[in-house]
Every structure is written in C-alpha cells, then in structure tokens.
Amino acid sequence: MSLAYQCPLCKHTLYSDMNTLTCTNNHRFDYAKEGYINLLPVQQKNSKQPGDNLDMVQARRAFLTTGHYRFLQQKVAELVASVNPENVIDLGCGEGFYTQAIASLANANVYGLDISKSAVKYAAKRYKTCNFSVASISHAPFADNEANVLVSIFAPLFEQELNRLLTRHGSLIVASPGPWHLKELKQYIYKEVNDHSPIDVPAHFELVAQDLIEQKVELNFTDVKNLITMTPFAWKFRPEHWQMLEQQGEHTVTLSFYVSHFKKM
Ligand SMILES: C[S@@+](CC[C@H](N)C(=O)[O-])C[C@H]1O[C@@H](n2cnc3c(N)ncnc32)[C@H](O)[C@@H]1O
Ligand SMILES: [Zn+2]
C-alpha cells in the first residue's frame, strides 16, 4: 500500500491534483520542480532554515559518494528488504543516500522526509524512484498506523511519532554511532573520547536484533574535511585543528555503527 500524505495544517488526507496536493479544507501544497513536496508549515519551523544547512548537505553528498559508508547503506537496505514491506519512511533522510538504496532493494513505496530543504532538494533531484518531502519528523505528514517500516539513520527519534506511524508489528530500523565511531578524529578536539552505547529500546517497542558493524578506512584530507563537516561536532574544530588534520594528510579512521531492529508491540 502506498501512503497518502496528510495535511500538516488540519491532518486531513491530501489529494493529488496535477502538480498540487490539496485537502478538503483547501490547503494547497505544490510540488517543486525537483519533484519534492514542501509540507513544512511555518509553525513547525524552529528557524528560518531548519535542519542541515547547504554546506553540511554538500559535504555529506561528497563524502557518501566516496563509498566509505556503503557497508552501512547495504546493511540497512538488506534489513529493510528482508521484512518485505509495502511502504517505508526514512525519517531525516538527508540527501537520500540510504533512501535510494532501500528503494532499489525493497519492492516498496519509499518516502524520505527531512526538515532541511537543501537536503530534500538534493535528494529529489538525484533519486527519482523515491517520494521526498520537506517535513518535520516530529509531526510526520502521514496517518496513524499505516507505515510498515520506519528507518532512522543518525536522525532524531520522536518516540510518540514512531509508535503512531507504524502498523502493529511494524519494524523500526535505527542506525546510530558504534562505540568508537570516528575516535581518531574526535581525539583532536576532546581530551578524553567516550564510547557510544547502543540506543535504548523506545517505549512500545521490543528489540529484534542489534548488530555492530565496523570498518577502518584510510581517508585523505578532503574526505576527512567532508566527514567532519557533515557531523554536528564540526563546529568544535578550530583553525588549528584543521591545520593539524591537513598536515597529517592521510588518516586511518574507525567507522562503527549499531544497526538496531525494533518491532512495535
Ligand atoms: C545527521 S543527518 C543524517 C541524514 C541521513 N539520514 C544520512 O545519514 O545521510 C540528520 C538529518 O536529520 C534532519 N532533521 C533534524 N531534525 C529534524 C526534524 N525535526 N524533522 C525532520 N528532519 C530533521 C537534518 O536536517 C539532517 O538531514
Ligand atoms: Zn488541510
């Protein structure tokens, strides 16, 4: 079953009319030329440009294109495909790297949501087999109990929404940092690097499986720069840190991810 978008203003179903989605209260939303729909009302914007900015999106696109995160992409897409869903929502999809991989492996209607317009623009322009929208995942524009699989990759989790959106026994697949993810880079800015724990089981869910996947990769300065710029701790890097990173040139970096599969009870 495909999913109908819900009006972010009145929660009524949105119907397609040419290049526009309209609800019975006549709220109208136009598709952008790149093919995405903007369902983010001003009330749900916490800033002028919420979510990742263009620099972060470009850095993420450039880094992901190197293929160093392909093993995570593959793992997530295979896991989603293994539950044979009819529909999947990627919550906080960014520029669509994982959304696209899921769509090509699973025989499902795949939706990507992100509050960052820059990210969704990049996603929709490149990946035409997915349905992308600018929307808040704290008020996702879909009806209750209709999603078969929710995917969250390094994105915030809104527990109530996860429970509301999923069908009974639906799957939630979450990728989060593993114990020593990027430890070699964090050593530049933290005196002591703490390891990450697996995420807690969200309320109303049970854990099906949790895998830790890791690789050590060799990165040049451009890769390292993009990798840091796409993360939230980029702002901690001062000019002297960048200088040291550039001087060292090649870096061995640990990539480490927990991939957790939960089921709604
Ligand atoms: C670390 S990025 C991960 C992006 C993508 N999942 C990936 O791994 O390539 C987190 C994403 O969550 C988005 N985000 C943060 N808060 C959000 C919200 N309330 N609603 C929708 N997206 C949100 C950001 O704009 C950003 O694209
Ligand atoms: Zn409406």
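Hi everyone, let me start with one pair of residues: Q210 has S260, in strand 11, as its bridge partner. Before I go on, please keep in mind that this is a predicted model.

That bridge takes us to the two strands around it. Strand 10 and strand 11, the latter covering residues 251-264, run antiparallel and are joined by 14 bridges. Now let's zoom out to the sheet. It is an open one with 8 strands and mixed pairing, and the order reads 4-7-6-5-8-9-11-10. Which strands are the edge strands? They are strand 4 (37-38) and strand 10 (205-219), each of which pairs on one side only.

Next, helix 4. This helix spans residues 117-126 and is mostly covered, with 7 of its 10 residues buried. If you'd like to find them on the screen, the buried ones are S118, A119, V120, K121, Y122, A123 and A124. What covers them? The cover includes helix 1 (54-65) and helix 3, along with strand 6 and strand 7 (131-134).

Let me stay with helix 1 for a moment. Two packed helices are described by the angle between their axes and the distance between the axes. Here, the axes of helix 1 and helix 4 come within 8 Å and cross at roughly 35 degrees. On the helix 1 side the contact is made by L54, V57 and R61, and on the helix 4 side by S118, A119 and Y122. By type, those contact residues are 4 nonpolar, 1 polar and 1 charged. As for handedness, helix 1 passes helix 4 in a right-handed crossing.

On to the ligand. How many residues surround ligand 1? There are 20, and the closest are G51, G92, G94, I115 and S116. Two elements give two or more residues to this shell: helix 3 (97-105) and strand 6 (109-114). You'll remember both from the list of what covers helix 4.

One last stop, at T20, which sits in strand 2 (residues 20-22). Is T20 buried or partly exposed? It counts as partly exposed, because it has 13 C-beta neighbours inside 10 Å. Leaving aside neighbours within four places in sequence, T20 is in contact with R28, F29 and D30. Y31 is 11 residues away from T20 along the chain, and their C-alpha atoms are separated by 6.0 Å.

Conventions. Residues are numbered from 1 along each chain as its sequence is written. Chains are lettered from A and ligands numbered from 1 in the order in which they are written. This is a predicted model: local features need pLDDT of at least 70, side-chain atom pairs count only at pLDDT 80 or more; totals for chains, interfaces and linings use all residues. A residue is near a molecule or strand if its C-beta atom, placed from the backbone, lies within 6 Å of it. Helices (H or I, at least four residues) and strands (E, at least two) are DSSP runs, numbered from the N terminus. A residue is buried if 20 or more other C-beta atoms lie within 10 Å of its own, exposed if 12 or fewer, and partly exposed in between; C-beta atoms are placed from the backbone. Two residues are in contact if their C-beta atoms, placed from the backbone, lie within 7 Å. Two strands pair if DSSP finds at least two bridges between them. Axes are lines fitted to C-alpha atoms, for helices over the stretch in contact, and angles run from 0 to 180 degrees between N-to-C directions. A crossing is left-handed if the near helix is turned anticlockwise from the far one by less than a right angle, and right-handed if clockwise. Ala, Val, Leu, Ile, Met, Phe, Trp, Tyr, Cys and Pro count as nonpolar, Asp, Glu, Lys and Arg as charged, and the others, Gly among them, as polar.
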